Amino acid sequence: MCGRYAASRRPEDLVGLFGVEKWEPEETLAPDWNVAPTKDVYAVLERPLKDAAEPRPVRQLRALKWGLVPSWAKSPEGGAKMINARAETVHEKPSYRRPFASRRCILPADGYYEWVTGSGERQLEEKGKRKRPRKQPYFVTPVDGAVMAMAGLYEFWRDRTLPDEHPRAWWVTCTVITTEADKEPFGGVSRDEGPRSLAEIHPRMPLVLSEDRWASWLDPGRTDPDDLLPLLAPLPSGLLRAYPVATGVSDVRNNGPELLDELEAPEEGTLF
């Protein structure tokens, strides 16, 4: 899954990296090393500009709220629970199939956090049961230090209790698509102790898009699920690494670059 991630890149850098044509400086977000559900996050997407003379899709950098609220929802209260969409069923689930068809985005990240799950709790989680309290956190990031382009969906929700001109009349929310975690050994530095693969940390991981799939994924003109599903293939093995970080990241009130500091070994008393 993806329940927490880090996003510290400047918008100017994201604009250049993703070929963004439009972004609004008033939507600038502060660097965030502990992004949690319901926070505003950067998303790269393509859609026509409102009132534009030429109705062509324009690549934009937008600030969206993490936790998707379906357009048909009566209230936004369930958004915090809809932070992830499974790649295997995203084209079928009522909450996701419409945005999967035409409202796809990329959520840029430095990497994501995941907490080691013990074997007994892992079995419960794979059966859809509630997972145990979080233990030793790991940070998963590209080996080469590049931006992690997580596949996402976005949706619009209209708050009918507010007038059209109200700034909160429309919500734009998003979710991260997840896939089965890679079972192959990590790329980069190996360790004498701790997990050897992402699957040993958690059975799920965000779906990361390689650069050659960005344009196809963002293209709102591609709406056929059979044409889109091949884009949900996971990255080749060996492109990501994971390392232990301090348990301070488990508290959402903590936020700073020190959360990404690599530990030589898991903290004493934590589980692996």
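Colleague: Which side chain meets that of Asp 40 in a salt bridge?

Modeller: Side chains of opposite charge can pair when their charged atoms come close. A salt bridge is counted when a side-chain nitrogen of Lys or Arg lies within 4 Å of a carboxyl oxygen of Asp or Glu, and here the side chain of Asp 40 meets that of Lys 65, at 3.9 Å from N to O. Asp 40 lies in strand S4 and Lys 65 in strand S5, so the pair ties together parts that are 25 residues apart in sequence. Before going on, please keep in mind that this is a predicted model, in which local features need pLDDT of at least 70 and side-chain atom pairs count only at pLDDT 80 or more, while totals for chains, interfaces and linings use all residues. Residues are numbered from 1 along each chain as its sequence is written, and side-chain values use heavy atoms, with hydrogens and water left out.

Colleague: How many salt bridges does the structure hold, and where do Arg 56 and Glu 21 lie?

Modeller: The structure holds 15 salt bridges, and one of them joins the side chains of Arg 56 and Glu 21 at 2.8 Å, N to O. Arg 56 lies in the loop between strand S4 (40–48) and strand S5 (57–66), and Glu 21 in the loop between helix H1 (11–18) and strand S2 (22–23), so this pair ties together parts that are 35 residues apart in sequence. Helices (H or I, at least four residues) and strands (E, at least two) are DSSP runs, numbered from the N terminus.

Colleague: Is Thr 178 buried or exposed?

Modeller: Buried means under 20% relative accessible area, exposed means over 50%, and partly exposed is in between, with a 1.4 Å probe and protein chains only. Thr 178, which is found in strand S11 (residues 170–180), counts as buried at 3% relative accessibility. Leaving aside neighbours within four places in sequence, Thr 178 is in contact (heavy atoms within 4.5 Å) with residues including Met 1, Asn 84, Arg 86 and Pro 206. By comparison, Arg 56 is partly exposed at 35%, and Glu 21 is partly exposed at 46%.

Colleague: What is the order of the strands in the open sheet of five?

Modeller: Two strands pair if DSSP finds at least two bridges between them, and this open sheet has the order S3-S1-S8-S9-S13, with antiparallel pairing. Its edge strands are S3 (32–35) and S13 (240–244), each of which pairs on one side only. Within the sheet, four bridges join strand S8 (residues 111–115) to strand S9 (residues 137–142), and Glu 114 has Tyr 138 in S9 as its bridge partner.
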